[in-house]
Amino acid sequence: MRIEVYGQPQGKQRAKVCMRGGFARAYTPEKTASYEDLINLTYIQALNGEKSPFWEIPVRIKITAFYSIPKSFSKKKTIEAESGKIRPLTKPDIDNVVKVVCDALNKIAYRDDTQVIEVVACKYYSKEPKLVIEINEFVA
């Protein structure tokens, strides 16, 4: 299954901690929670009312993050970025992008993210920022 989540890719932010009633309480930042909601909504729409085919099986996830080309790039550098010769060395770190995707799809695409046993993740520049997520059954 393949889904595309449009907009600038985001990574998983650290949990925030606040004090409530004398106890420390950790919570997911709003920006991360909203992005996770966007990912799982996109996945649910792609299912089109069907049950996820990955509920009980080991899965492989490929994540390709396409970032906006900076306006400060020269024409030459823009062409190199579009062709993949120049790749993003910017935040968020690719491991945080993987975390936000795996957490967002937990209990939506698969029963538990322990079923994700192989991950491939890449960062590119593009005129259209988006996240492309491909989920397949893991076959050894």
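Predicted model: local features only at pLDDT ≥ 70, side-chain atom pairs only at ≥ 80, totals over all residues.
I began with N48, which lies in the loop between α1 (30-47) and β4 (59-68). For the element names I went by DSSP runs numbered from the N terminus, helices being H or I with at least four residues and strands E with at least two. N48 has a positive phi of about 55°, although it is not a glycine. Buried or exposed, I wondered about N48? N48 counts as exposed because its relative accessibility is 66%. My cut-offs were under 20% relative accessible area for buried, over 50% for exposed and in between for partly exposed, with a 1.4 Å probe and protein chains only.

Residues are numbered from 1 along each chain as its sequence is written, and side-chain values use heavy atoms, with hydrogens and water left out.

Next I looked up K107, in the loop between α3 and β5 (116-126). K107 is not a glycine either, yet its phi is positive, about 65°. With a relative accessible area of 54%, K107 is exposed.

Then I checked for a cis peptide bond. The bond from K91 to P92 is cis, with omega near 0°. P92 sits in the loop between α2 (75-83) and α3 (94-105).

I stayed with K91 and found its side chain in a salt bridge with that of D93, at 3.9 Å from N to O. A salt bridge here is a side-chain nitrogen of Lys or Arg within 4 Å of a carboxyl oxygen of Asp or Glu. K91 is exposed, at 67% relative accessible area, and D93 is partly exposed, at 34% relative accessibility.

Which residues line the largest pocket? I listed P9, Q10, G11, K12, Q13, K31, K91, P92, D93 and N96. About 180 Å³ of space lies in this pocket. The pocket is an open set of points on a 1 Å grid over the protein atoms alone, with protein on both sides within 12 Å along at least five of seven lines, and lining residues have an atom within 4 Å of a point. The volume is the space filled by probe spheres set on the points, which are joined across faces, edges and corners.

By class, I get two nonpolar, four polar and four charged residues in the lining. Ala, Val, Leu, Ile, Met, Phe, Trp, Tyr, Cys and Pro count as nonpolar, Asp, Glu, Lys and Arg as charged, and the others, Gly among them, as polar.

**Other salt bridges**

How many salt bridges are there in the whole structure? My search gave eight.

One of them joins K130 and E4, whose closest N and O atoms are 3.4 Å apart. This pair links distant parts of the chain, 126 residues apart: K130 is in strand β6 (residues 130-137) and E4 in strand β1 (residues 2-6). K130 counts as buried, at 14% relative accessibility, whereas E4 counts as partly exposed, at 22%.

I also noted R111 with E56, a salt bridge of 3.2 Å from N to O. R111 lies in the loop between α3 and β5 and E56 in the loop between α1 and β4, so the pair ties together parts that are 55 residues apart in sequence. R111 is partly exposed, at 37% relative accessibility, and E56 is exposed, at 52% relative accessible area.

Definitions and conventions: 1 Å grid on protein atoms, 1.4 Å probe; cavity = no way out; pocket = protein on both sides within 12 Å on 5 of 7 lines; lining within 4 Å.
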